[in-house]
Amino acid sequence: MSRLKELRDTLLIGDRKGADLYHRIFVVSAFGGITNLLLEHKKTGEPGVYASFANAAEGHGWLEALDRVAEAMCEANHDILAHSADLRQADEFVRERIEGARSCLFDLQRLCSYGHFRLSKHMMVFRELLSGLGEAHSAFVASLLLNRAGVSARYVDLTGWRDDRELTLDERLKSAMTGVDLATELPIVTGYAQCTEGLMAEFDRGYSEVTFSRLAALTGAAEAVIHKEFFLSSADPVLVGAHAVRKLGHTNYDVADQLANLGMEAIHPKAAKTLRQAQIPLRVTNAFQPDDPGTLIDDAPAGTPGPEIVAGLPVVALELFEQDMVGVKGYDATILEALKRHNAFIVSKTSNANTITHFLAASLKVVQRIETELAAIYPSAEVSARSQAIASVIGRDLGGQHMLLRGLQALADAGVTVHAAQQPTRAVDVQFVVSRDALEQAIEVLHARLIEEDSSAKIAA
């Protein structure tokens, strides 16, 4: 979104004229860095307004963080908009929203100074209010930019700003789209939607894709398109080299789910579920190459079996060994309850007669807490946690390809030690557990042997 002027000249308008400009709906995210300033930095954890307020509820240190948001929003206005009238409107929009949020936070802080009110009970609502500021701002600016270029763009605000209605997500979407003429208007919709379900409580920053998919389903879209800054390809081009990766032209939702499981979301699994059930295909494109069809994701099976993507993820292996586990039920349920309590995401799992191992996308610190808890429940068991990684080969149909055997051989030839490996019966992925410092090498080796060599052989044939 920070490259909005480029998108105007390619994706949003490009060479379209007249009726070709319409029959589309754009759901937008915030401008780059704004959500980090509003909440907390996604990678470094540096506090934004939300974290500053939560950590110092009795002081006013969060005011400086809110001022930084206002400055960053106004800077974005002046980077993107050129007409003085548009700039005045955009800056006034920022002022009104920021001052509204400031007043709300003062009132909340004052209210919670009384013993009957607890700040903790209001923090998720507060987080949602702040997050919605980013999308409201970018959607408003985008509408101004397009209107100035002669496009009849309509700003569609789903954030519930100064709206006292209690609406479900579907009700919010239907209400906002009432009266919109898709044949003559281009709706620019906020990615955040205020609703009784509370999107952030379940999806946190993944809420925009949930809004996007539900809106596609409600409007009966012919196709849902996610515009990214890159193509979906057979591996990370930075890791294996841009010359080596293969752009994916077509895959299915099963593959998308496996990628999401490894933290490489083409789309949030819940959003994919909505599109799949509505029988709406998803297309992932490079926003800055609008003539390229990108990657089509639907329910179609593979035309021919074979691997499509190699990806990986650092994990923590939580292992419980109990000699007396054989034939005794309850261990699985107890471990899962502990993982749920600590919000540890399960990437994969293996088990045998007396050992259960979960590979978790969680910090080692969190997993060590779970380890301590399980050791107290099962004092005669050996419970351990260690840092490892999973390298996975993924495809719509890996049946009959001997991926497990070939992958093990390729890694052995490269001197990469495999601590565990498995190919689930659905035959859409193969997983190799390696040490963390060997993950990148494992991905490179698997991609070279199973995708690059196979592609070269097919071309030669």
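In what order do the 4 strands of the open sheet lie? The legends below start there, and every view comes from a predicted model.

**View A. An open sheet of 4 strands runs in the order 4-6-7-5.** The pairing in this sheet is mixed. Strand 4 (224–228) and strand 5 (250–252) stand at the edges, and each has a single partner strand, so one side of each is left without a neighbour in the sheet. From one strand to the next, the twist averages 25°. Now look at strand 4 beside strand 6 (residues 282–286): the two run parallel and are joined by 5 bridges. To find your place in this pairing, pick out Lys-228, whose bridge partner in strand 6 is Asn-286. Helix 11 (residues 253–261) packs on the sheet, where it touches strand 5, strand 6 and strand 7 (295–298). The direction of helix 11 makes about 75° with that of strand 5.

**View B. Phe-93 and Phe-140 form a stacked aromatic pair.** A search of the whole structure finds 9 aromatic pairs, and this is one of them. The ring centres are 4.3 Å apart, with 10° between the planes. Phe-93 belongs to helix 5 (residues 84–111) and Phe-140 to helix 6 (residues 123–148), so the pair ties together parts that are 47 residues apart in sequence. Are these two residues buried or exposed? Both Phe-93 and Phe-140 are buried.

**View C. Phe-93 also forms an edge-to-face pair with Tyr-155.** Here the distance is 6.0 Å centre to centre, and the planes make an angle of 85°. This pair links distant parts of the chain, with Phe-93 in helix 5 and Tyr-155 in strand 2 (residues 153–156), 62 residues apart. Phe-93 has a relative accessible area of 10% and is buried, whereas Tyr-155, at 23% relative accessibility, counts as partly exposed. The cut-off between these two classes is 20%.

**View D. Ring pairs link five named residues into a cluster: Tyr-50, Phe-53, Trp-62, Phe-106 and Phe-126.** For another example of a charged residue over a ring, turn to Phe-231, where Lys-247 lies over the face at 5.0 Å from the ring centre.

**View E. Gln-431 is a buried residue, at 9% relative accessibility.** Gln-431 lies in strand 13 (residues 429–434). Which side chain makes a polar contact with the side chain of Gln-431? The partner is Asp-429, at 3.0 Å. Leaving aside neighbours within four places in sequence, Gln-431 is in contact with Ser-348, Ile-390, Ala-391, Ser-392, Ala-420, Ala-421 and Gln-422.

**View F. Gln-279 and His-402 have positive phi values without being glycine.** Most residues other than glycine have a negative phi. For Gln-279, phi is near 60°, and the residue is found in the loop between helix 12 (269–277) and strand 6. Gln-279 counts as exposed, at 73% relative accessibility. For His-402, phi is about 55°. His-402 lies in the loop between strand 11 (382–394) and helix 15 (403–413), and at 57% relative accessibility His-402 counts as exposed too.

Definitions and conventions: Residues are numbered from 1 along each chain as its sequence is written. This is a predicted model: local features need pLDDT of at least 70, side-chain atom pairs count only at pLDDT 80 or more; totals for chains, interfaces and linings use all residues. Side-chain values use heavy atoms; hydrogens and water are left out. Rings of Phe, Tyr and Trp (its six-membered ring) pair if their centres lie within 6.5 Å; planes under 30 degrees apart count as stacked, over 60 as edge-to-face and the rest as tilted. Buried means under 20% relative accessible area, exposed over 50%, partly exposed in between (1.4 Å probe, protein chains only). A charge sits over a ring if NZ of Lys or CZ of Arg is within 6 Å of the ring centre and within 35 degrees of the ring normal. Two strands pair if DSSP finds at least two bridges between them. Axes are lines fitted to C-alpha atoms, for helices over the stretch in contact, and angles run from 0 to 180 degrees between N-to-C directions. Contact means heavy atoms within 4.5 Å. A polar contact is a pair of N or O atoms within 3.5 Å; within protein, one must be able to donate a hydrogen and the other to accept it, and residues adjacent in sequence count only if both atoms are side-chain atoms.
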